[in-house]
Amino acid sequence: MTAVTAPAGAAPARERLAAALSAAARTGLAAWAIVALLVAVLTVADPGGFWTAANIANVLTATVVLGLVALGQHLVVLTGGIDLSVGSTATLSALLTAMLIDGYPIRTIPTILAMLLLGAAIGVVHGLIVANTRIPAFVVTLSTFYLIQGIAFMISTTPSGQVTRALADVGMRRFGPFPLALAVLAAAVAIVAVLLHRTRFGRHVHAVGGDAAAARSAGVPVNRTLVLVFVIAGTLAAAAGVMLAARATIGSPNAGQGLELSAITVVVVGGASLLGGRASLAGTLGGVALLALVESSFTLLQLPATASDLIRGVVILAAAALFVPRSHRE
Amino acid sequence: MTTLTAGRAARFAPAGTLMPLSGLALVLVAAAVWTPGFYSEANLRLVLFQAGLIGVTAVGQTVVLLGRGIDLSVGAVMGLTTVIVATQTDGDGGKLPAAILLAVLAGIAIGAVNAGLVVLRGVPPFVATFAVFVLVQGAITAWTRGAAAGDIPHGLQTLGSGRVLGVPTPLWVFAGVAAVAAVVLARTGAGRRLYATGSNPRAARLSGIRTGRVIAAGYIASALLAVLAGLISAGYAGHVDAQLSRSLDLNSLAAAVIGGVALTGGKGHIGHTVLGVALLAVLIVWMLQLGAGTGGQLAVQGAAILLATWLRQRGPAAAGTR
């Protein structure tokens, strides 16, 4: 915060400190440092409560839905885009999961597959529009954010449906401090990590985000990469919706509200540049851990639940103010 | 959606106002055919009221858009205004001026935070104002403990549901705001600086315009107009609408964009906004009459923004590479 008002001829030590700080923010180290600090604070604040298996499981459970959405957002942000519709997609998927399964075990697997396809289809639409027109990604996804939320409200304005025991188990069962749902997130992280760092697609994603025009002339299939990235983001958002339904056992038309902003916050805190081309997966995961810690500590410290939105807003605003670098492209 | 529409859009775009105008005519005709009761007096009055309410915020949004920004915190400011008036006065008209002053100060503060994030920190406007939206909404929830209560003084109801010469007061307010904005934008140095900043910030800065101040003024103006819209809405409802603070009100953005104000800054004028407001107000009231709930309205707004930006796209990319 002080860097803005610092006089032009600041001491070199200070400049070095600023450089070190921005490097820490870029690599995602800053996110994990804040997580460590928060863990220390919570340990001191409530030594008996924080390190219990149940509380650790709570924190880890809170990472699942957020983590799934954040992974998709991570990819989209890497290409220089943004997906504001992930919260609505998760909502629609959660609502439809519960309503379509409606308590019949035999419908569980087909419904989940259908939801993932739905998410992918939404992603295809986003990708095609963003790749083939000059409409900015945030306008496209802001429109569909409304469109999809509207469709969810048209389907039902009240919580409805019922998931099966098996699916609810995935959402709620835990082994010691490890919730079963964490396996879903772990699988998603592994897939995205391999895609990003071990495949040609991963290199294309970085290239498109770095400079789309240069990538295109270097033979990178820019449009296909963009569509694929939005497809992955949509599918992951739909998966997050299924997990939301599993955890709540019913589908709510507000299930995923605010997820899009949480996901953006997480990616930004993790050191990603919203201009594209640069983001750290470790940092994004650090951001997920940070937000999950903040959210679950409300129950731990018995703060009023109505204050959680406020704290989330403060975290998001602070992240926007501190982590989003000044953009020089105009 | 192939070359036909793209070509038409390219031809229509220079005219600018032709597209929203034909959209308005289309919706008016469709409404007349579909729902014969649309042109009843009560219904038209509802259209005029809606236009007034949306219009006030849309003018603010236009000013922000012209400066290459976007303001997603409008709905939160409106909600906050309603809550401030209700909790501070609880129906007592004597406390109304103090409550309004408080709401105005809150509006200035929120506009200043938006501006600070965008101008000083270089945060993309949609991220900054979205974050502010979440923060303000969270503050409202925490402050009222999730259940806002309190009455709105009677004095404010003349602003919300009163009529002058048979026309709802909010429309007069919108007309006044739009007229002032039109004159400022088209006839004053401030307006010229805003257009210059929006169309080319770098050139504007090099030619000596303090672009930061121009952009900041836009966000503060938008927040203040949102306060005004909040007062109108509070006066109309007569009580706190807890739902209002929770909805990310996109009407202002939808109206401006549908009317033809460019999201890329520097292009568009108040005439566009007025046209967009009229189109959106007719559309919303028609949707209400067709029995569409919140869901239908949200879906239509989303689709309208997408369609409007799509039709406005020009150049080879829009000509359908598929």
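A:Thr79 is in contact with A:Val205, A:Val208, A:Gly209, A:Thr225, A:Leu226, A:Val229 and A:Gly276, leaving aside neighbours within four places in sequence. Two residues are in contact if their C-beta atoms, placed from the backbone, lie within 7 Å. A:Thr79 sits in the loop between helix 5 (53–78) and helix 6 (86–101) of chain A. Helices are DSSP runs of H or I with at least four residues, strands are runs of E with at least two, and both are numbered from the N terminus. With 30 other C-beta atoms within 10 Å, A:Thr79 is buried. A residue is buried if 20 or more other C-beta atoms lie within 10 Å of its own, exposed if 12 or fewer, and partly exposed in between, with C-beta atoms placed from the backbone. A:Thr79 and A:Leu275 are 196 residues apart in sequence, and their C-alpha atoms are 8.2 Å apart in space.

This is a predicted model, in which local features need pLDDT of at least 70, side-chain atom pairs count only at pLDDT 80 or more, and totals for chains, interfaces and linings use all residues. Residues are numbered from 1 along each chain as its sequence is written, while chains are lettered from A and ligands numbered from 1 in the order in which they are written.

**Other single residues**

A:Ala40 lies in helix 3 (residues 29–45) of chain A. It is exposed, with 10 other C-beta atoms within 10 Å. The C-alpha atoms of A:Ala40 and A:Leu167 are separated by 35 Å, and the two residues are 127 apart along the chain. In chain B, B:Ala147 belongs to the loop between helix 6 and helix 7 (154–161). B:Ala147 has 9 other C-beta atoms within 10 Å and is therefore exposed. From B:Ala147 to B:Val180 the sequence separation is 33 residues, and the C-alpha to C-alpha distance is 37 Å.

A positive phi in a residue other than glycine occurs at A:Asp102, near 50°, and at B:Arg68, near 65°. A:Asp102 is in the loop between helix 6 and helix 7 (108–132) of chain A, and B:Arg68 is in the loop between helix 3 and helix 4 (74–89) of chain B. A:Asp102 counts as partly exposed because it has 15 C-beta neighbours inside 10 Å. B:Arg68 is buried, with 23 other C-beta atoms within 10 Å.

**Nonpolar core**

A nonpolar core is a set of buried Ala, Val, Leu, Ile, Met, Phe, Trp, Tyr and Cys residues joined through C-beta atoms within 7 Å. The largest one has 214 residues, of which A:Leu68, A:Val69, A:Ala240 and A:Met243 touch the most other members. Helix 13 (residues 222–248) of chain A gives the most to this core, with 18 residues. Not counting residues up to four places away in sequence, A:Val69 touches A:Val86, A:Ala90, A:Leu236, A:Ala237, A:Ala240, A:Leu259 and A:Ala263.

**Chain B**

Chain B contains 15 helices and 2 strands. Of its 322 residues, 53% are buried. Among contacts in chain B between residues at least 6 apart in sequence, 80% join residues at least 24 apart.

The axes of helix 3 (residues 41–66) and helix 11 (residues 211–237) of chain B come within 8 Å and cross at roughly 175°. Axes are lines fitted to C-alpha atoms, for helices over the stretch in contact, and angles run from 0 to 180 degrees between N-to-C directions. The two helices of chain B, helix 3 and helix 11, are therefore roughly antiparallel; angles over 145 degrees count as such, under 35 as roughly parallel, 65 to 115 as roughly perpendicular and the rest as oblique. The contact of helix 3 with helix 11 of chain B has 12 nonpolar, 6 polar and no charged residues. Ala, Val, Leu, Ile, Met, Phe, Trp, Tyr, Cys and Pro count as nonpolar, Asp, Glu, Lys and Arg as charged, and the others, Gly among them, as polar.

The UniProt record (unreviewed entry) places "transmembrane region" features in chain B, including residues 164–186 and 270–288. UniProt positions are given in the numbering used here, feature names are shortened, and annotations may be inferred rather than shown by experiment.

| Span of chain B | End C-alpha distance | Helix | Strand |
|---|---|---|---|
| Residues 164–186 | 28 Å | 78% helix | 13% strand |
| Residues 270–288 | 27 Å | 100% helix | 0% strand |

**Contact between the chains**

The contact takes 44 residues from chain B and 40 residues from chain A. Helix 6 of chain B gives the most to the side of chain B that touches chain A, with 13 residues. By class, that side of chain B has 25 nonpolar, 15 polar and 4 charged residues.
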